[in-house]
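Here are a few exercises to work through with the model open beside you. Try each task before you read its solution.

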Amino acid sequence: MKIPSNTFQPSRLAAKLELYRQDFELFACRELKIQTKRQALEPFVLRPFQQKLVRGMLDQWKRLGYVRQAWLKSRQIGTTTIGSGWSFWRTALNPNVNSIVVAHEIPIAEEIFTKAKRFYENLGSDIRPMLRYSTKQHLEFDNPSDRTRLTHPGLRSKLVVATAKNIHV
């Protein structure tokens, strides 16, 4: 008997999530949607410059276990989108991950958060994590129900977007 492809299969979903956790570029092009200059939503297919940044982030992640980078860049080359996508990927697919994206100005922080929110809203329903909080600055991927949170906690992960002036190191 053939099982319809739209039928929920925990093992198939687990395999898909594990594949996505290992391959940012695959996750980005299959699951993340970006808004183009023509106001259309399209899959996030990395450009060559973005692929180079991803290779650097992957290298740092493998060596150190985390990614911490500061980019000095020109405008409109896709670094905001790649940084937003990377942070969303790590946070929305993995438990107990807290990510922060820091911008130099409030309008840029708002733009970054809008991208993250768009990623979440357009994510496939089979892999979209539960959302406990969504404010102007953060998404918290956790079970929203006080009644079932202890038994089904969700990811317990959080993505925060802030400005440099609000960060104290």
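Of the 169 residues in the protein, 38% are buried, where buried means under 20% relative accessible area with a 1.4 Å probe, counting protein chains only. This is a predicted model, so local features need pLDDT of at least 70 and side-chain atom pairs count only at pLDDT 80 or more, while totals for chains, interfaces and linings use all residues. Residues are numbered from 1 along each chain as its sequence is written, and side-chain values use heavy atoms, with hydrogens and water left out.

**Exercise 1.** Work out which pattern the protein follows along the sequence.

*Solution.* Start with the count: there are 5 helices and 6 strands. Helices here are DSSP runs of H or I with at least four residues, strands are runs of E with at least two, and both are numbered from the N terminus. Now read along the sequence, and you get α-α-β-β-α-α-β-α-β-β-β. The radius of gyration is 17 Å, close to the 15 Å that the globule rule gives for 169 residues, so the protein is as compact as a globular protein of that length. That radius is taken over C-alpha atoms, and the rule is 2.2 Å times the number of residues to the power 0.38.

**Exercise 2.** Find the strand order in the open sheet of 4 strands.

*Solution.* Begin with strand E4 (residues 133–134), which pairs with E5 in the antiparallel sense over 2 bridges; two strands pair if DSSP finds at least two bridges between them. Tyr133 has Glu140 as its bridge partner in E5, and Ser134 has Leu139. With 3 residues between them, E4 and E5 make a hairpin. Next, E5 pairs with strand E6 (residues 157–163), again antiparallel, over 4 bridges; here Phe141 is partnered by Ser157 of E6. Put together, the order is E3-E6-E5-E4, with mixed pairing. The edges are strand E3 (98–103) and E4, each pairing on one side only.

**Exercise 3.** Decide whether the faces of strand E5 are covered or open.

*Solution.* Take the strand, residues 138–141, one side at a time. Then look at the helices: H4 (residues 79–93) lies across E3, E5 and E6, at about 150 degrees to E6. Helix H5 (residues 106–121) lies across E3, E4, E5 and E6, at about 155 degrees to E6. Axes are lines fitted to C-alpha atoms, for helices over the stretch in contact (heavy atoms within 4.5 Å), and angles run from 0 to 180 degrees between N-to-C directions.

Terms used
Buried means under 20% relative accessible area, exposed over 50%, partly exposed in between (1.4 Å probe, protein chains only).
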